[in-house]
Structures are given as C-alpha cells and as structure tokens.
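Let's take a walk through this one, going from the place where the chains meet to the packing inside each of them. Keep the view open as you read.

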Amino acid sequence: MIITSDKTGRRVMNLYMGTGLALTALMMLAGLMLRVSQAGWMPMSPGQFYAVLTLHGAGLIVALMMCGMGGLWFLMRRETSLSASTAVAAFSLVVAGVAGVLISTLFGGFAGLYTFLAPLPFHGSWPNWSTGVFLISMALITLGWMAWCLQMLGAVLRAYGGLRGALAWDFVWHRQAFDASGRTAPPPQAFPALMAGFDGMLAGMSAMLLGVALIVRWMDTRVLINPLWAKNLTYFFAHTYANLIIYMLVALIYVGMPYATGRKYHTSAVLAVGWWCSMVLTLTNYFHHLYMDFVQPGPFQYLGELSSYLSALPVTAVTIFGALMLVWRSGMKWTLGAIFMYTGLIGWVVGGIGAEIDATVPFNVHLHNTLWVPAHFHTYLVGGCLLFAIGWVFLCVESRSQRRTGSLMRWLISLLTFGGMSVFLMGFYCAGAYGVPRRYSIEPSPGPDLAKIATIGATIMMIGFVVALLEGVRLRFGYPDQTAGGQSVQEARA
Amino acid sequence: MTNATEKVTLMRIVAGVTGAIIALGGVTAPIFSHDMTTIAVHHLLHAGMAIGAGLLALSLAPPRNERERSFWIWPAVVAPAIGILLMWPSEYAYLMTHRWLHLLDHLSIALVTLLAVYAAQAYVRGLGWFMLVLVVAMDAACAGGYGVSPGPSFLLNPVPRHNATASSARPVNAVKKAITLHAIGASLYNTMGCSGCHSVDGSKGVGPSWKDLAGYPQKLSDGKTAIADYAFLRTMILDPGKIALAGYPAGVMPDTYKAMLAGPKHPHETELNAIIWYINSLSNKAGKASEPTVPDQAAK
C-alpha cells in the first residue's frame, strides 16, 4: 500500500513536495539562464550572473530537501504519531527563508554564492542589507530544518524503543533473543529517518553556529571569523545536507519499489549495518572539499579520502543492489513512477562515481575547480534526487488513478527527459575533463561551445518534464469519485 | 519503589547537584575572577558551564514521556542559537570591565542551555542527552574561530579591547603601543592563516620562517640579495608575486592579503603594521629600517 487514508499526512506531504517541486522548476529555469549566458547567447553581467548562481544553488538544494522532508515525514507518520502543525510550522520557516533568499539575490544582488563562504559575503559590491537578509534567511531555513530533524529523531526513538531499538542493535547482534521476545525490526524507511534526524541535527547545529557567527560579523565588523574554521563548518553542514537529501529520498525507494515490483524490502542485518556506516561516514567525507587548503591538518585529508570511498560501499551494497534485486525478474510494470525511480538509481550511481573520482587526491588537484564538480552534483541531484521525488509522485498518482499512461507517452517522456539530461550533464563532464573552471560567468574555450550543447540538452530535458507534468495532471483527473476518504485503488477494491 | 527506580532517582539527584554546582561556578566566575585569558579560552569556559546547566536540565526534565510533546521542539532549536549570540566575542572586553553585566551574560548562557536541554528531553526522553552534547560542542567549537578582529577594535577604542582580553585593561602610552602591536600581530599570525606556512621558531615550512627574517639579507631566485626591511616585508605580504625568494616556489603565497590588510578599507594599515611588528620582534637584527611607522591614531 503506497497511500494511506491519512488525509492530514497526505496534505503535509503534498505541501512539502508540491512546493519543493515547484521551486525546483523555478531553479532549473534559473540554471538554464546561467548556461544560456555562458553559451554567449544572452550574456548576463557578472553581477547578475553570480546573483542568479547564488539563488540557483541555494534554491535547488532547499527545494529538493523539501521534497525529501515531505516524503519521509509522510512515511514516518504511517509508523508513529507526528504533529502536523509542527511540520507545517517548520515548512513555513523554510519558505520564509527561501523568500528571503529570493529577495536578497534578485533585488539585493547578493552574490556571495550558495556556500556563502566567509569572508566572501562581506566583500562584494552588493548592498550591505542584502548580505543580512541572505544570512538571516539561511538561519530561518536552518531553524525549520532543525525542527523537522528533531521531530523525526523523536519519532524514531519513540516508535522503536530508543536509540538502540531504532538502530536495530539487538536485531543485528542478539538475533535469537530478539526474535524470541516477539519484537520486530524497524522497517527500512526508519533508517533514513534516523539518519536524517541524527546527522541532520549535527549539520543543523553547525549551520546555526556558523550562521549566527556570520550574522554577528555582519552587524559588528570587529568580529573576526577564522576562514578555515568557517570553511570546515560550511562544508560540514552543506555537504551533509546535500547527502541527506538523497538518503531521505531513499525512504521513498524502500516503499515505492516494493509497491511497483510486488516484492517486500526486508530489514536485514546488512541493511542495518549499512545504514550505521552511512550515518558515520556521511559526517566525515566532506573533507574532500578541503584537499587544496594546505593549512588543513593532514589527518583530516586522509580521513576525507578514506571515508569518501567507504561511504559508497553501504549505499551500493544495501540500497542500489537491493533495489536491483527487487526488480530482477519481478515482472514489474514499467509505469512512469517505476521508470523515474529506477532511472534515479542510475543517476545516483553515475553521480556517485563522479564524486569518488573527484575525491581522489591526484584527480582532485585537476578536477575540483572545474565543471566536473557541478557535473557530479547535478547528476546526483537532478538525475537522482529529483527523479526519486517525481517517481514517488507518479507512483502515488498512478496508484489512485483509473487512467494509465500509454506506451508511446512513456517512451516520449523517457526519451526527452533522460536523453536531454544526458546531453546536459555531458556538457558539464566534458568541460570538467577539459579543465573549464567552475563558477566563471565567462568561460574560456571550450566552455562556451559545451555550454551551447548543454543548453540544448537542458531545454529538451525540461520539455520532457513539462510533458510529464501534463501527463501527471491527466492521471490526477482520473481519480475515481467514489473513493471518499482518499483510499487507494487497492483499498477501495479490498 | 523498585531498586531500578531508586537508582535512577539517585542518579538524577547526583547529576542535578553536580550540574548545579558547575553551572553556579561558571555563572558567578566573573565576580571572583576578572583576569581574562583569550577569547577562545573564554568560549571554552562557556562550554564547561553549559555541561553543568545541561546536567541540571536533565535532572529536572520529566522522567517518563512516551508521547510527542511537539511544543518543546521550538525552544530546543532556538535556544542554542541565542546562546551563540550571547557569546558575541567583541563584547567580551566590555564585559570584563562590567562584572555584573558579565554575570548576567553568563547566567543567560546557562539558562538558554538549560532550556535547550530541558526542552529536548521533555519533547522525547533521551533527546536531552543528544542536545547537551550538541550545545556543549557548539560552544566549544566557537573557540576555533569565532573571535575579534584586533585592528578595527584597536582603532575604535581608547583602551584596546584585544589587549583588555589578553591581560587586563591598561592605559596606553608610547612604549606599550609597540608591545600592543606586537601582541596583535601575534594574534593575527594565528587568525589570518599565516601560521599554516610560516613558522616562528626557524623551522622550514611552505614559506620562510619569521624567526630572524626582519633585517636579515634574503636570497632571491635571480641570485641577488635583498635586506628584509619594512618595504621588503610589506611587499612580501601584499604583493608576493613581486619578490621571488630562492628555495620557495612562486605563486604559493596568496595575493589576497592585500585586500584584507591594505586599500581604502584599511587606510592606516594597522593590522599590516602589527604583523610586521611581530616579525620584527622575532629577529635580533630588527631595527629602524625594518620596523613600521606607528599609525597616527595609535600615537594619540
């Protein structure tokens, strides 16, 4: 069963995911503008370019984060009681923060980039107020995020008997006694919830510390922020946020793929241990962003490379391999929901491999300041996270709709979306391999030529998403009238 | 009452009393001692005080709570941010001379910590411990880089704030200005990242050691020799590309210090002079030629 009769839960999920996807669409348009500008077709001034780049980066991360928050919240509400008003209040804070980011970048011209790495926010040509609005907005987003994380962490602790139960510790180490006691292990989607709550709180606290320190620095120029300290905090929280987005959306895979394949995703000892590893390694792999900071203590650099490599293992062994095995010979119907989810797994793998290459010190020296890095995180975010979110939405809609998507339409959407995406992403990868620097409004050759190809790819991809949206609306209007109370088709049939 | 319940109650009492003693000690510290160390150490003392307040909160929180009390989420996430605001580093110097206000500041930090931990524990049992670790880690992490820019504060105040926190507030006179600048330079050496490449004990690093640098002849990559006087040192810091030292690869020293130390935003180049004073203090050949001119503001 993919949808419950819990109307409030559905509304909260729709609020988060609907807003998140709408914001994603807006940020994709902003991203398209950037590529068009780099292609030389409609050049922006450097000031405009970096302001839009700031908005695009911050907005897209928050948009996809909202999708993950809504989806995971909905799944956990099926397991334990969760206050909807708290979730809506957290959502309101995030939305208020997003509004502030829009104001500071579009009207204030703030261009301190989405990582707002100190001391960059204080050394620009934009007005001082826009720096303040941006920093306060990020603090609001962090507050909303932390409230959501604390609620999620509290939910798993209450539902599964504290941290030991939520980790499935006894299930892994004392299996016989565990089975004899009649207890059951947490479902697979509880692990992403625990990880999002736990790691999210750690990341949120570091973001809040840095955010308040920067706000204080903005108000009082006597305050000095150590750049290395700030960079460590920045990448600790930002990298963890970015990682958590996909880990949150994996919960949708754990529920969505079993629905699509008719097979169950079991909690196993391997799955539990894999998630323990991910919880730890996600916190330490950000060091690969500081390889070039020669003042960073050496042991952290080794730890960064090691944990960057190790963090791929649990993901591959547990989620990706597990999902592939679910699909293997399951006779799964390739509905749009299933197609998007499955392709999202491919995007995750490809983006992950790109990240691993960048996390390797000898390659990092050549690739880290090039478009290779945007290549890997666009693959990861657009080719992974976004597809998981869209796939989930389609599975939900398909499960209730009496209409079905025709084969031709599925081919058309797949071809436009994934074909366009491949061309768009290859523009980044090739430019990175050629050493085209990232974060340049005017790129050296062959950057502009590759940006032209990427722009065409991105346009095709976005047309594909628009067609998918129209198809989603068509399916939505196919809901049966008699299923009052929001029951699923299966429930109604039962 | 069962044995287990009695044990838990006893543990709560012990934790509560211990926490209260630690927190009370931290809150009242400004009354008994006013010899401030560095700002970083001050941050760490706050973290210690937070441990006490957190333990007290855990002992006060409801022992059993199986259902969600979502109201408590909000103080739990907002209070730590207020705590960081209360640790506003540039105000420490002012607080050192206003001990009751300082006590109030400490009391507020202890109270917001208590609130954060209590609220987390009241929300869902067990989360209070997690919150305690987070808040203490946050306060302690401040020691890593949440400090004061000595230059502007030196210019803004008749009694240098940095100096006030470094030892105690003293009147400024002509002799002590040099000492003050040297101390500021030593601080900048750590806070501006110089220490990553330049040692002060003569050991070889990415860049030349500052020990016995000022006043000494330096070998250049073109085979010539130049005395490290004031102009040389100034150029090396602000325009490192203009001088290539033998034995050190070109292009490693960042050229970003020019914007941070000179230009319209730094008309008196106070921080730059402080660094050069510090370099001079490490050399036995330092003299008039290698020392900077004390800025006009400092001479007043």
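**Where the chains meet**

Start at the interface: 36 residues of chain B are in contact with 36 residues of chain A, contact being C-beta atoms, placed from the backbone, that lie within 7 Å. Bear in mind that this is a predicted model, where local features need pLDDT of at least 70 and side-chain atom pairs count only at pLDDT 80 or more, while totals for chains, interfaces and linings use all residues. Residues are numbered from 1 along each chain as its sequence is written, and chains are lettered from A and ligands numbered from 1 in the order in which they are written.

On the chain B side, the elements giving two or more residues are helix 3 (73–86), helix 6, strand 1 (146–148) and helix 7 (150–156). These are DSSP runs numbered from the N terminus, with H or I and at least four residues for helices, and E and at least two for strands. Helix 3 of chain B has the largest share, nine residues. By class, that side of chain B has 23 nonpolar, 11 polar and two charged residues (Ala, Val, Leu, Ile, Met, Phe, Trp, Tyr, Cys and Pro are nonpolar, Asp, Glu, Lys and Arg charged, and the others, Gly among them, polar).

The two chains also share some strand pairing. Strand 1 of chain A (residues 223–225) pairs with strand 1 of chain B in the antiparallel sense over three bridges; pairing takes at least two DSSP bridges between the strands. Look for A:I225, which stands opposite B:Y146.

Now stay in chain B and find helix 2 (residues 39–60) and helix 6 (residues 127–141), whose axes come within 8 Å and cross at roughly 165°. Axes here are lines fitted to C-alpha atoms over the stretch in contact, with angles from 0 to 180 degrees between N-to-C directions. Helix 2 and helix 6 of chain B are therefore roughly antiparallel, the word for angles over 145 degrees. Among the residues making the contact are B:A47, B:A50 and B:G54 of helix 2 and B:W129, B:L132 and B:V136 of helix 6.

Over in chain A, there's domain 1 (1–332) and domain 2 (343–479), with bounds from an automatic or database domain assignment. Their centres, taken over C-alpha atoms, are 19 Å apart, and 41 residues of domain 1 of chain A are in contact with 38 of domain 2 of chain A. Helix 1 of chain A gives the most to the domain 1 side, with 10 residues. That side divides into 31 nonpolar, eight polar and two charged residues.

Key. Two residues are in contact if their C-beta atoms, placed from the backbone, lie within 7 Å. Angles under 35 degrees count as roughly parallel, over 145 as roughly antiparallel, 65 to 115 as roughly perpendicular and the rest as oblique.
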